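Subject: Structure handover

Hello,

Here is the structure I promised you. Please open it first, then read my notes beside it.

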Amino acid sequence: MLVRAGAAAAAAAATTVPGLRRLWRGGGSGAAACFPLGRALVDVRGAEAAPFLQGLLTNDVTRLVAGDGPPAGALPRALYAHALNVQGRCLYDVILYRLHESPEEEPHILLECDGGVLDAIQKHMKLYKIRRKVNIAPCLDLSLWAVVPGERAGDIASSLTKCADQALILTPDPRTEVMGWRLITKKGVNLSEIIPGSRIGNIQDYHRHRYKQGVPEGVKDLPPGVALPLESNLAYMNGISFTKGCYIGQELTARTHHMGVIRKRLLPVHFSAPLPKDSIPEGAEISTESGKSAGKFRAGGGELGIALLRLANINEPLCLNLAGDKVKLTAGIPEWWPKTASK
């Protein structure tokens, strides 16, 4: 039952994102490139799992849970969100996955997070759990994959119906269609049996794709207690509800949204020369040719990266300041952003 829902979603995404099928053509002719992610999964289950997460996260978690509204098949299978601190700054970027299918089943949600903050996010949730009927535990027996389709993307959905015991979830990435799918399996499974013709991709290629698309992920891109959710394009990535009830950090986020002024955003950047593999200080300064501060570097690899930049400066020649050296860079607006986005 779980896989049929994922297969239907994958089939729909395969027909709406034809451009993705060409992204990894140079790496082989298989149906998809599967990238093993170093992110962790936390099991959150219990009668009060959804209302508990509702008070901690930016998105409307009730959309993920079957109830008196639409049937489970009509609900999203995954939601993107941030957990904020009381000052409204990002602590953790997460993706939630629904594992139960009907109101009769106990609510069961998997929470994906940066592997480096697994202990911290569990402590954070348990701090606010109080007396709620919720169990929180790491899922050490599961593997998480990013799946970027190749030329035969449609094969993904049809193959899943034959492997219900090996693929727990395959669903379009909830952030943006250019990121393909998320796949959750039991550890040790043979991916070629789930997605025939697929290949294991180099994780650096996955990160290069993220940087090229300007999609942040993890604590390097979203420094805990530093990154602001709207500057990090949370609204563009379907990660926030402005109509749900209260949650931790809501006040500043809601006020910024209603003021409608966001002067800085995370943007993909392209460097004139490959970056050194190390020794780039966190938050390295990016400036204009005249020396005026334009923003800060977040993360990158090779000639690609992601940076928090003032929108007023993105069309100017920019440079990253590295120990007295200056590396020229250009910034761009991702094609997947809403066409109406003007700020």
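**Strand β5 and its partners**

Strand β2 (residues 39–45) pairs with β5 in the antiparallel sense, over 7 bridges. In that pairing, L41 stands opposite E112 of β5. β5 also pairs with strand β4 (residues 90–98). Those two run antiparallel as well, joined by 4 bridges. Here L96 stands opposite L111 of β5. As background, strands of a sheet pair through backbone hydrogen bonds, either parallel or antiparallel.

**The model as a whole**

Keep in mind that this is a predicted model. The mean pLDDT of the protein is 84. Of its residues, 81% reach 70 or more. Take care with residues 1–29, where pLDDT stays under 50. The model has 57 contacts for that stretch beyond four places in sequence.

The secondary structure comes to 7 helices and 16 strands. The protein has 343 residues, and 53% of them are buried. It exposes about 15,500 Å². Carbon and sulfur atoms supply 53% of that area. Now look at contacts between residues at least 6 apart in sequence: 73% of these join residues at least 24 apart.

**An open sheet**

Next, find the open sheet of 5 strands. Their order is β8-β9-β7-β1-β10, and the pairing is mixed. Which strands are at the edges? They are β8 (167–172) and β10 (199–200), each of which pairs on one side only. Inside the order, strand β1 (residues 32–36) and strand β7 (residues 142–149) run antiparallel, with 5 bridges between them. A33 has V148 in β7 as its bridge partner.

**Two nonpolar cores**

In soluble globular proteins, nonpolar side chains tend to be buried together. The largest nonpolar core in this model has 57 residues. Those with the most contacts inside it are Y97, I184, F271, I286, L309 and L320. Strand β14 (residues 304–310) gives the most to this core, with 5 residues.

**An aromatic pair**

A search of the whole structure finds 3 aromatic pairs. One to look at is F271 with F297. Why is this pair edge-to-face? The ring centres are 6.0 Å apart and the planes are at 70 degrees, so F271 and F297 count as edge-to-face; the cut-off for that label is over 60 degrees. The pair links distant parts of the chain. F271 is in strand β11 (residues 264–271), F297 is in strand β13 (residues 293–301), and they are 26 residues apart. Both F271 and F297 are buried.

**A serine in a loop**

Last, go to S232. It is found in the loop between α6 (203–213) and α7 (250–259). Is S232 buried or exposed? Its relative accessibility is 1%, so S232 counts as buried; the cut-off is under 20%. Which residues does S232 contact, leaving aside its neighbours within four places in sequence? They are H82, P216, L222, A227, M237 and L266.

Best wishes

Terms used. Residues numbered from 1 in each chain as written. Predicted model: local features only at pLDDT ≥ 70, side-chain atom pairs only at ≥ 80, totals over all residues. Heavy atoms only, no water. Buried < 20%, exposed > 50% of the residue type's maximum accessible area, 1.4 Å probe, protein only. Contact = heavy atoms within 4.5 Å. Areas by Shrake-Rupley, 256 points an atom, 1.4 Å probe, with all protein chains shown as cover. Core = buried A, V, L, I, M, F, W, Y, C linked by side-chain atoms within 4.5 Å. pLDDT = per-residue confidence, 0-100. Pairing = 2+ DSSP bridges. Phe/Tyr/Trp six-rings, centres within 6.5 Å; stacked < 30°, edge-to-face > 60°.
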